[in-house]
Amino acid sequence: MTAQPRENLSGLDLRAEIERLRKERNAVILAHYYQKPELQDLADFVGDSLELSKKAAATDADVIAFCGVKFMADTAKILSPDKIVVLPDLDAGCSLEDSCPPEKFRAFREAHPDHIALTYINCSTEVKALSDVIVTSSSAETILAQIPKDQKIIFGPDRHLGGYLNRKFDRDMLLWPGVCIVHEAFSETELLKLMEQHPGAPVAAHPECPPHIVDHADYVGSTSGILQYAKTTESDTLIVATEPHIIHQMELALPEKNFIGAPGADGNCNCNICPYMALNTMEKLYIALRDLEPRIEIEEGLRLKAKQSLDKMIEMASGTIGKGDLGRA
């Protein structure tokens, strides 16, 4: 059952109560870059999904509270089976995960037995267990470069990331037709208007964006990579084509620079806020730490099978985790 505020919490100092429970539970709080600023500000670690799970696994915490979406919390449980993992709202899903049901992915694999499955981390534990190698937006290039050109590959669930890799590496991977609803919402017309208003300002885009956005980017990379690019670009203005809550970290690190979220079709960024990430709140985090629910549980055989594909990724590209090494478009 999804954790929801069950009583009036208006009189509570939520931040103080979360701090108290963090200590009492020996908990580590993780927040993805797409979380609300107030959740980012109180987290022990802020970052990309796998980067966060690896950091949590390296701690002596008994509890992981993952402010993100379910596949991220599942990954934390895969890597930390002896820790309690809670997600403030179990309804915090992912359109990419939803687009790739395990039974359909299994059938797709069986229909292409000569293909290996290179699968983006934005998928369910069951799909990870059906995959050969998991990739992140940081590690995908490094891993693909190690796979022979004559090896046939299924890439899922994000067809935009897979298409970007196909174009850049002259590959012909068979793409699962999933998309991220957030990155799909960016408008080329509105982006071009913004570029006209800020001549010379570089554009940084996540590879989950469709080609008509990526083709205008000066830099293409993961959220961690985009943050690093913001720190290294000489421009004092940067147009950012990914979920706009990453801008909070940019403004904290670089208050002297101007960061502009790429607009959606309606000319603003509201449609580009991830509705799943937005389900997590301070109130729900407090209840999750208080009740240790909703809790992530994964059957051990499934966990071990899924861990094989994650371990293979870490073996092939361990130096890229959290580095955002996709580079320039």
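In this predicted model, S137 sits in a loop that runs between strand β6 (133-135) and helix α8 (140-144). With a relative accessibility of 7%, below the 20% cut-off, S137 counts as buried.

Leaving aside residues up to four places away in sequence, N122 is in contact with F71, C94, L96, E97, P157 and E208.

T223 leads on to helix α12 (residues 223-232), which is mostly covered, with seven of its ten residues buried. The buried positions in α12 are T223, S224, G225, I226, L227, Y229 and A230.

An open sheet is built from four strands with parallel pairing, in the order β10-β9-β11-β12. Its edges are formed by β10 (219-220) and β12 (258-261), each of which pairs on one side only. Helix α10 (residues 188-197) packs on this sheet and touches β9, β11 and β12, its direction making about 175° with that of β11. Within the sheet, β9 (residues 203-205) and β11 (residues 237-241) run parallel and are joined by three bridges. Here A205 stands opposite A241 of β11.

Turning to the aromatic side chains, the count of aromatic pairs comes to three. F105 and W176 make an edge-to-face pair, with 5.8 Å from centre to centre and 65° between the planes. Because F105 lies in helix α6 (residues 102-111) and W176 in the loop between β8 (174-175) and α10, this pair ties together parts 71 residues apart in sequence. Both F105 and W176 are buried. The rings of Y219 and Y229 are stacked, because their centres are 4.8 Å apart and their planes lie at 10°. This pair links Y219 in strand β10 with Y229 in helix α12, ten residues apart. Y219 is buried at 8% relative accessible area, and Y229 is buried at 7%. Finally, F105, F108 and W176 form one aromatic cluster.

Technical notes
Residues numbered from 1 in each chain as written. Predicted model: local features only at pLDDT ≥ 70, side-chain atom pairs only at ≥ 80, totals over all residues. Heavy atoms only, no water. Contact = heavy atoms within 4.5 Å. Helix = DSSP H or I, 4+ residues; strand = E, 2+ residues; numbered from the N terminus. Buried < 20%, exposed > 50% of the residue type's maximum accessible area, 1.4 Å probe, protein only. Pairing = 2+ DSSP bridges. Axes fitted to C-alpha atoms, helices over the stretch in contact; angles between N-to-C directions. Phe/Tyr/Trp six-rings, centres within 6.5 Å; stacked < 30°, edge-to-face > 60°.
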